[in-house]
Amino acid sequence: MKNILLIAHAPSENTRTMAQAVVRGCQHPDISGIQCQWLSPFDTDAEAVKQCHGIILGTTENLGYMSGALKDFFDRIYYPCLEACQGKPAALYIRAGHDGTGTQRAVDTICTGLKWNFVLPTTLCRGPWQSDFSSQCETLGTTFAAGLEAGIF
């Protein structure tokens, strides 16, 4: 059994809907041998990162940057995971009220330092809430889980 760790800051109903969609996508009925656990960045430690087979990160755009919760997560796990988690497959989705580019750049910079491997393009959900944000996140989860199951990443 392979484990996907969804580390998502979800302070609103809409962002919770997005995280739930990622989990639903990871648990697609055509995919077997994959488990997905969603944790708040505040509830995630280095051991959980070391134990998973792949990571999906979810964050809001806060003042052109990632959420403080996700930054706190990175601050706590960076050095304990630096050597142990190189090459770990990862994906990212951003709920951005504006353009999300600063948020993406910040997360990319930290994950580059960790040597995590982004295996999918960032899912960037920009502007006012749109109903298709949920389906985009579900597709992200399904694609990530299918690739992990198949051994592609």
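This is a predicted model: local features need pLDDT of at least 70, side-chain atom pairs count only at pLDDT 80 or more; totals for chains, interfaces and linings use all residues.
Local features are reported at pLDDT of at least 70 and side-chain atom pairs at pLDDT 80 or more, while totals for chains, interfaces and linings use all residues. Residues are numbered from 1 along each chain as its sequence is written, and side-chain values use heavy atoms, with hydrogens and water left out.

The largest nonpolar core contains 27 residues. Such a core is a set of buried Ala, Val, Leu, Ile, Met, Phe, Trp, Tyr and Cys residues joined through side-chain atoms within 4.5 Å; buried means under 20% relative accessible area, exposed over 50%, and partly exposed in between, with a 1.4 Å probe and protein chains only. Val49, Leu57, Phe73, Phe74 and Trp116 have the most contacts inside this core. At least two residues come from each of β1 (2-8), α2 (46-51), β3 (54-60), α3, β4 (89-96) and α4 (101-114), and α3 supplies the largest share, six residues. These elements are DSSP runs numbered from the N terminus, helices being H or I of at least four residues and strands E of at least two. A second, separate core of 23 residues includes Met18, Cys36, Ala145 and Leu148.

Met18 and Ala145 also belong to the contact of α1 with α5, where contact means heavy atoms within 4.5 Å. The axes of α1 (residues 13-26) and α5 (residues 132-150) come within 7 Å and cross at roughly 35°; axes are lines fitted to C-alpha atoms over the stretch in contact, and angles run from 0 to 180 degrees between N-to-C directions. The crossing is right-handed, that is, the near helix is turned clockwise from the far one by less than a right angle. Among the residues that meet are Thr17, Ala21 and Arg24 in α1 and Cys137, Glu138 and Gly141 in α5.

Side chains of opposite charge can pair when their charged atoms come close. The model has four salt bridges, each a side-chain nitrogen of Lys or Arg within 4 Å of a carboxyl oxygen of Asp or Glu. In α1, Arg16 pairs with Glu13 at 3.4 Å; the two are three residues apart, about one helical turn, and Arg16 is partly exposed at 31%. In α3 (residues 68-82), Asp75 and Lys71 lie four residues apart and form a salt bridge of 2.5 Å, N to O. Asp72 and Arg76, likewise four residues apart in α3, are bridged at 2.8 Å. Asp72 is partly exposed at 26% relative accessibility, as is Arg76 at 34%.
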